[in-house]
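Hi,

Here is the structure I promised to pass on. Have a look at it first, then read my notes below.

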Amino acid sequence: MSERSLELELPDGTCLCVPFGATPLDVASKIGPGLARGAVAGAIGGRLVDLREPLSQSGPFRVITARDPEAGEVIRHSAEHVMAAAVKRLWPETQIDVGRSDHSEKFQYDLDVPVRLTPEHFESIEAEMRRIVEAQQPLEREVVEREEAKRLFASLGEELKVSRVDDIDEGAELTLFRNGDFVDLCRGPHVQQTGQIGAFKLTEVGGSYWRGDESNPMLQRIYGVAFSTEKELGLHLERLEQARRRDHRRIGADLDLFWFHAWAPGAPFYLPKGLVLFNTLVAYMRELNLKYGFLEVTAPLLFDVEIFKRSGHYEMFPDMFKIRASGEDAEIGVKPMNCPGHCLIFGSRKRSYRELPLRLAEFSRLHRNERSGTLLGMTRVRAMSQDDAHIYCQPDQVEAEMDRVLRMTAEVYRDLGLSGLEVRVATRPEQYIGEIGDWERAEKRLGDATERAGFSFEWAPGEGAFYGPKIEFHFRDVLGRQWQLGTLQMDMAMPERFDLRYVGADGQEHVPAMMHKAILGSLERFIGIYLEHTAGELPLWLAPVQAQVLPIADRHAEYAGKVCDVLRGSGIRVELDARSETLGYRIRSAETAKIPYILVAGDRELADGTVTVRRRHQKAQTTVGVEEACSTLEEEVKTRGIS
RNA sequence: GCCGACGUAGCUCAGCUGGUAGAGCAGCUGAUUCGUAAUCAGCAGGUCGGCGGUUCGAGUCCGCCCGUCGGCUCCA
């Protein structure tokens, strides 16, 4: 291969030799004019390249067309420019800031617009966008010098953009993309002409701080989605509708699980059925605490804030503690976490190495003064409980304790049917306490333990807690959304801060190692996530009502009541629905309440001492003896059957 | 907290440019006694989120507050 040419390996296996500096569009034209017309980008070695960008390397090459999955991000990126152009046409004084870096799902633009934008403006912006799309404006790529770019943006009154140019590293090549009179600093890639943006829709508008900093003025951010076809847009909107139906706030209200009142923002009321779910989860975690050697405690709810000054939380979260009993000198705080209390328990008497590891678990309700704008149903609350525990051990026991927690974690996620886990090890953040060397050792120990437990993981640099690095478990739900659940964290600060010591085998005092563990995390948040994941169709062992007994007519009510008694005697949560409604009506009522089992009792069942069993969503039924139905349910509860 | 939208019966929503509220479902009562996703009839249910203002008159217009939702933790 000469220096003056590149060798491109095409998807069909053939090799194409092109001159150095040829563009993907040149290559596409060489292959065929139809392909060139349909091209939206090139890809070399899997990396997207703008059609107008000169190629500088050999390798596997593809032309991306509207049919390729990668086309979406190119189309969205170009739609983003079209949107900004449309807004500038409508309000010429608008200054543009920046768009989105990840176009895998949506696009956005931060703009300084002279009007307060509301969704009502979308129609006119979209109409303007449509005009630009229909005009099939070519997107032109241009390489410019830094000073030239600054002069250009200054002449256009784009002060925000001028300052963005200053942010870019010296020596980096600056490129502009133009369509019509719109010009933006941009790396691309972009479609050839705006007509390739098949379908788009603006979705949201909201504020965003200039450079993400709350002390800066606020710009307006418009979000949108774009696809190559109307059909894809339709599918996208359907997915949103599906997510809306699974919204845990809706399910929680429909199934009478929990409720919120304006007088306690961010603090759920658990209704009887919701509390069954909560309590069942706690009972399950208690079972595992016993199995894995965790000892449950309860520390006080209100504390002199001295404890949080000691732990370091007071300094980190100064707004978290805002209670003062009148006439008292001490500032009182409601506890936002359990660890300081557990440290007091550890320090309550002299500790021997013989009682280590000491694993203290607690389910107490915690209160955190989360900012009002961040509250969201059960998933972001101010009052919550965690399946929390703190482990105090000798330094040489840390590995074994990590392994123990990771085994427990794997067991919980398996029992709950949560797959699609992704694990991250989060390292030292900018604000931290302790020594860097200790941090690095702890980070490695966490990574190693994760691998020993059979999880693959990724590093999450700078995302650890201020007191130590942590393992984070992320779970992907059936709709593909990712949620953080459990964590295992090293704590390099608190044992010293609370002056914790144990007497070792050598008769000397030592500082214990400390770890924080939560597997479900906040139970409120977990319940919210799990309801969305399961669409409210909880497995039998967690269902607030496990079975509904339906007598066909009044004359069967007494027998149905007896069936209920038998099931209740075995600990099954059962309800009788003897309303004078048709059977079909009551079946529907039980199905929409997502009750796992419907047991019907009529003349035949009364005569034979049986019930007809209908599993949720299954039309097929079987008739079995009451005792048999009872033991089937008992077995399914016991084994925590998923479905 | 900041930006924006929204707040009408338990739920989902209607209520035009101001003239003192309406539906479906749920609930209750009665009839029906029924074999696997909605039987019929009737009844009841609302300080229109709260407070203040404009007006002869406010669910509707204006202001403040509360709540909920969407967004804000950047990075061509």
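Strand β32 (residues 610–615) runs antiparallel to strand β33 (residues 621–625), and five bridges join them. (Strands pair if DSSP finds at least two bridges between them; strands are DSSP runs of E with at least two residues, helices are runs of H or I with at least four, and both are numbered from the N terminus.) T612 sits opposite T623 in β33. The two strands β32 and β33 make a hairpin with five residues between them, and H617 in the turn has a positive phi of about 70°.

A quick word on the model: it is predicted, so local features need pLDDT of at least 70 and side-chain atom pairs pLDDT 80 or more, while totals for chains, interfaces and linings use all residues. Residues count from 1 along each chain as its sequence is written, chains are lettered from A and ligands numbered from 1 in the order written, and side-chain values use heavy atoms, without hydrogens and water.

Now the helices. The axes (lines fitted to C-alpha atoms over the stretch in contact, with angles from 0 to 180 degrees between N-to-C directions) of α9 (residues 272–292) and α16 (residues 523–534) come within 11 Å and cross at roughly 110°. That makes α9 roughly perpendicular to α16 (65 to 115 degrees). L277, F278, L281 and V282 of α9 meet L523, E524, F526 and I527 of α16, contact meaning heavy atoms within 4.5 Å.

Finally, E636 belongs to helix α20 (residues 626–638). Is E636 buried or exposed? E636 is buried, at 13% relative accessible area (buried is under 20%, exposed over 50%, partly exposed in between, with a 1.4 Å probe and protein chains only).

Cheers

Conventions: Angles under 35 degrees count as roughly parallel, over 145 as roughly antiparallel, 65 to 115 as roughly perpendicular and the rest as oblique.
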